[in-house]
Amino acid sequence: MIRPDPAALAAVHARAFPAPWSRDEFAALLAQPGVLAVVEPDGFILIRVVLDEAEILTLAVRPEARRAGLGGRLVGQAAVAAAQAGAVRLFLEVAEDNAAARALYDRAGFRPIGRRKAYYARPDGGRTDALVLGRDLAMNPDTAPLP
């Protein structure tokens with residue numbers, strides 16, 4: 001994989017989230033071993049693979065490109081990349097109140113495995129729980145197939 005431009009990732013992230021990550025934060029993440037990015041013009045996904053597990057660090061899609069299948073494609077491509085890197089399980093955290101993201105991950109075969117209380121800060125100062133989701137990357141009847 002080609003290492004993406006941290007400034008370009010930060011620009012997309014800024015369009016997708018109220019508290020975006022900076023160019024420097026992306027540069028630091030991309031310099032870490034096991035961090036992989038799948039990038040398309042309107043979005044990207046960043047994962048980290050450690051031994052036989054992988055974690056989705058962030059998924060960002062420009063608002064004007066949402067609801068057209070890009071998020072699902074990126075998740076599928078990240079699952080394939082994680083499996084190719086040796087991971088057998090893929091995890092992520094998602095805000096409990098993020099219905100669109102939860103539906104996307106449910107369609108991709110992720111299932112709840114835990115909760116982090118008051119994990120995400122909200123712009124209004126409030127906090128919301130994160131759901132920890134996971135899926136096996138091996139084919140089995142209980143998970144959606146990899147693309």
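Is Asp 97 buried, partly exposed or exposed, and at what relative accessibility? In this predicted model, Asp 97 has a relative accessibility of 49% and therefore counts as partly exposed, since the exposed class begins only over 50%. The side chain of Asp 97 meets that of Arg 122 in a salt bridge, with an N to O distance of 2.5 Å. This pair links distant parts of the chain, 25 residues apart: Asp 97 lies in the loop between S4 and helix H4 (99-107), and Arg 122 in the loop between S5 and S6. Arg 122 is likewise assigned to the partly exposed class, at 29% relative accessibility.

Salt bridges were searched for across the whole structure, and 11 were found. One of them joins Asp 136 to Arg 89, whose closest N and O atoms are 2.9 Å apart. Here strand S6 (residues 127-136), which contains Asp 136, is connected with strand S4 (residues 89-95), which contains Arg 89, across 47 residues. Asp 136 is partly exposed, with a relative accessible area of 29%, and Arg 89 is also partly exposed, at 22%.

A salt bridge is also formed between Arg 116 and Glu 93, with 2.5 Å between the closest N and O atoms. Because Arg 116 belongs to strand S5 (residues 111-121) and Glu 93 to strand S4, the pair ties together parts that are 23 residues apart in sequence. The relative accessible area of Arg 116 is 39%, which places this residue in the partly exposed class.

Finally, a network of salt bridges links Glu 96, Arg 115, Lys 117 and Asp 129.

Note on methods
Residues numbered from 1 in each chain as written. Predicted model: local features only at pLDDT ≥ 70, side-chain atom pairs only at ≥ 80, totals over all residues. Heavy atoms only, no water. Salt bridge = Lys/Arg side-chain N within 4 Å of Asp/Glu carboxyl O. Helix = DSSP H or I, 4+ residues; strand = E, 2+ residues; numbered from the N terminus. Buried < 20%, exposed > 50% of the residue type's maximum accessible area, 1.4 Å probe, protein only.
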